[in-house]
Amino acid sequence: MASGKDSDRTLGYMTRKDTEVKLPRPTRVKNKTPAPVQITAEQILREARERQEAEIRPPKQKITDSTELSDYRLRRRKEFEDKIRRARWNIQVWMKYAQWEESQKDYARARSVWERAIEGDYRNHTLWLKYAEFEMKNKFVNSARNVWDRAVTLLPRVDQLWYKYIHMEEILGNIAGARQIFERWMQWSPDQQGWLSFIKFELRYNEIERARSIYERFVLCHPKVSAYIRFAKFEMKGGEVARARHVYERATEKLADDEEAETLFVAFAEFEERCKEPERARFIYKFALDHIPKGRAEDLYKKFVAFEKQYGDKEGIEDAIVGKRRFQYEDEVRKNPLNYDSWFDYVRLEETVGNKDRIREIYERAIANIPPAEEKRYWQRYIYLWINYALYEEIETEDVERTRDVYRECLKLVPHSKFSFAKIWLHAAQFEIRQLNLAGARQILGNAIGKAPKDKIFKKYIEIELQLGNIDRCRKLYERYLEWSPENCYAWSKYAELERSLAETERARAIFELAISQPALDMPELLWKAYIDFEIAEGELERTRALYERLLDRTKHYKVWVSFAKFEASSAEQEEDEEEEPQEEIDATERKKECIRRAREIFERANSYYKDSAPELKEERATLLEDWLNMETNFGNLGDVSVVQSKLPKKLKKRKPITREDGSTEYEEYIDYLYPEESQTTNLKILEAAYKWKKQKLASSEEDYD
């Protein structure tokens, strides 16, 4: 008895193991190397074809008398009936059965088979088609009409049945019957092709009025652009221009907001062109461009431009081209209203046209698109919309009050607590100056300094007051400027320059002293240079030397040393200029020698500083010595080049390792400087190392001897 695990009631006396399919064990391939002779798929197929056995066909049967024919028919009918019992749903079996009965000229039996098939599946329109074709082929016209009538009654949505039915009646010459069938079909509101077939049918028999009435019903059933265009073309073909225009007008009233309205307007305009009515066509194009959304009017614009080129004058053509570009810009600003470059291009286009109201409208729409965040980078392009708007109102329209309002609204809109634009303040102030409103300009610039002080505003305000000769205002502005930005060396220099131009030497000197005493400066080297140049220009040599010494207390840059030395070298010429009477040549030579001595002392001090306090600044020291050598050369007979040449370094090319990011090492060449004192030290180190090495060698040789 098999165990409960293996047994199953549905298997009877067998177990699951008995029912398992045993597959042959796969053959292990021992030698996997390719065979010496390869065979192709073509050879395999050819061999299979050659070895294929011949097809066994049943012998041909010859029927000699009626008994054999009856037996044959009985046998075939039994086969068909058996097939139908096995697969009643198979339409092909029914069709073959009916066609076989038809081939035996037994039409009653064939009709019976078709009826039985339709009774089983009357929704299959193929059965109806084949059944009706059977009746028509054998010239059973009334039976065919009966089949078609039943078919279209049961399946009114199958257009092919209607077409075949109508085609049969038309071939038989029964025009009235075909028209009646069409009318029955139209009650079911078929698609456009059905209506068009009905219209073509009427036109074949020259029934124009009937065709027109069908078109009227057609556009009511299918109120689409294509239907109205076909209707209008039908009327135009018949020479009925007024009727065709009326059709287009009806379509425009009903379908102006349709998605395919562009096609309708283009067809309407082209119809008017053919009727030699260019003004009507132009009006239609403009009406369409105003009512159709810009995204769907590309083809319409192309047609309009082509129309204007053909029928319009120069202004009309330009207007059409501008309209096309206007459409493009409208599309761009609709997609991205914060793209200010598109607004600039759009405004520039409208300015070429010259319609002031249109230009103002575009400007107002553009400035309404305020940047989304209060960050200056988002506002940098936007602010130019306001500037261009104000300039347009001032220059083109010459509307002073409107320009003032534009500047006022712009200054209100900008968040000055977070950021501001100096250019808008300055443009507003310059506008007021052009209008001779000096008080208004001062008020604007004063508000600018109070709300959002900037370098440009201070400079321009001071420049305006200086041109007007208001020195006290300039001084107050400079004081405000320096209170706001005490580290600004430019402001200190310009303030001192102003006082010097007014011959206020002590005030200028006091300003310079205040400037250099500031704890932080943005460009101190320019300020010190300006102060030194000021003292030199005033002829204060001792003050200049004191300034240089104060500067050297702050920085030991080699350029300061060189500038100090050059000043001392050139001080002899300045002293000669100060003398009212010419001195003797001996005194001039002595004075020049004294200046050269002072310059040498400064170079000596600089060299000693680099040698003792900053030995790592070798390149700066070398540059200093080169400048010293050039100066000694320029002194001529009074110069002593040998003093400098003994201090000049030697240039050495060296290599230093550099580690890359990937860990590899490469060597880079650089210039090193070897000064005389360093070379002596190096020689002493070499002698010391040699002596030490010799001493170690002697010690080792004594140990070996022992």
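Me: By class, how many nonpolar, polar and charged residues does the lining of the largest pocket have?
Reply: This is a predicted model, in which local features need a pLDDT of at least 70 and side-chain atom pairs count only at pLDDT 80 or more, while totals for chains, interfaces and linings use all residues. Residues are numbered from 1 along each chain as its sequence is written, and side-chain values use heavy atoms, with hydrogens and water left out. With Ala, Val, Leu, Ile, Met, Phe, Trp, Tyr, Cys and Pro taken as nonpolar, Asp, Glu, Lys and Arg as charged, and the others, Gly among them, as polar, the lining of the largest pocket has 12 nonpolar, 4 polar and 5 charged residues.

Me: Which residues that line the largest pocket are the closest to its centre?
Reply: A pocket here is an open set of points on a 1 Å grid over the protein atoms alone, where a 1.4 Å probe fits, with protein on both sides within 12 Å along at least five of seven lines, and its lining residues have an atom within 4 Å of a point. The largest pocket holds about 500 Å³ of space, a volume being the space filled by probe spheres set on grid points that are joined across faces, edges and corners. Of the 21 residues in its lining, the closest to the centre of the largest pocket are Glu 525, Trp 528, Lys 529, Leu 551 and Val 560.

Me: Which element gives the largest share of the lining of the largest pocket?
Reply: Helices (H or I, at least four residues) and strands (E, at least two) are DSSP runs numbered from the N terminus. The elements that give two or more residues to the lining of the largest pocket are helix 29 (524-537), helix 30 (541-554) and helix 31 (558-578). The largest share, 8 residues, comes from helix 29.

Me: Which elements give two or more residues to the lining of the second largest pocket?
Reply: The second largest pocket has a volume of about 310 Å³, and of the 15 residues that line this second pocket, Tyr 407, Arg 408, Leu 411, Ile 444 and Asn 447 are the closest to its centre. The elements that contribute two or more residues to its lining are helix 22 (400-413), helix 23 (422-434) and helix 24 (438-451).

Me: Which residues make the contact of helix 4 and helix 6?
Reply: The axes of helix 4 and helix 6 (residues 125-137) lie 11 Å apart at an angle of about 5°, where axes are lines fitted to C-alpha atoms over the stretch in contact and angles run from 0 to 180 degrees between N-to-C directions. That angle makes helix 4 roughly parallel to helix 6, the word used for angles under 35 degrees, with over 145 roughly antiparallel, 65 to 115 roughly perpendicular and the rest oblique. The contact (heavy atoms within 4.5 Å) is made on the helix 4 side by Ile 91, Met 95 and Glu 102, and on the helix 6 side by Leu 127, Lys 130, Phe 134 and Lys 137.

Me: Where is Lys 105 placed, a residue with a positive phi that is not glycine?
Reply: Most residues other than glycine have a negative phi. In Lys 105, however, phi is near 65°, and the residue is exposed, with a relative accessible area of 61%; exposed means over 50%, buried under 20% and partly exposed in between, with a 1.4 Å probe and protein chains only. Lys 105 is placed in the loop between helix 4 (91-103) and helix 5 (107-120).

Me: What is the phi of Asn 206?
Reply: Asn 206 lies in the loop between helix 10 (192-204) and helix 11 (208-221), where it is exposed, with a relative accessible area of 61%. Although Asn 206 is not a glycine, its phi is positive, at about 60°.

Me: Is Arg 77 buried or exposed?
Reply: Arg 77 lies in helix 3 (residues 66-86), and, leaving aside its neighbours within four places in sequence, Arg 77 is in contact with Tyr 97, Trp 100, Glu 101, Asp 106 and Arg 109. Its relative accessible area is 15%, so Arg 77 is buried.

Me: With which residues is Phe 512 in contact, leaving aside its neighbours within four places in sequence?
Reply: Phe 512 is found in helix 28 (residues 505-516) and is buried, with a relative accessible area of 4%. Apart from those sequence neighbours, the residues in contact with Phe 512 are Ala 496, Leu 527, Ala 530, Tyr 531 and Phe 534.
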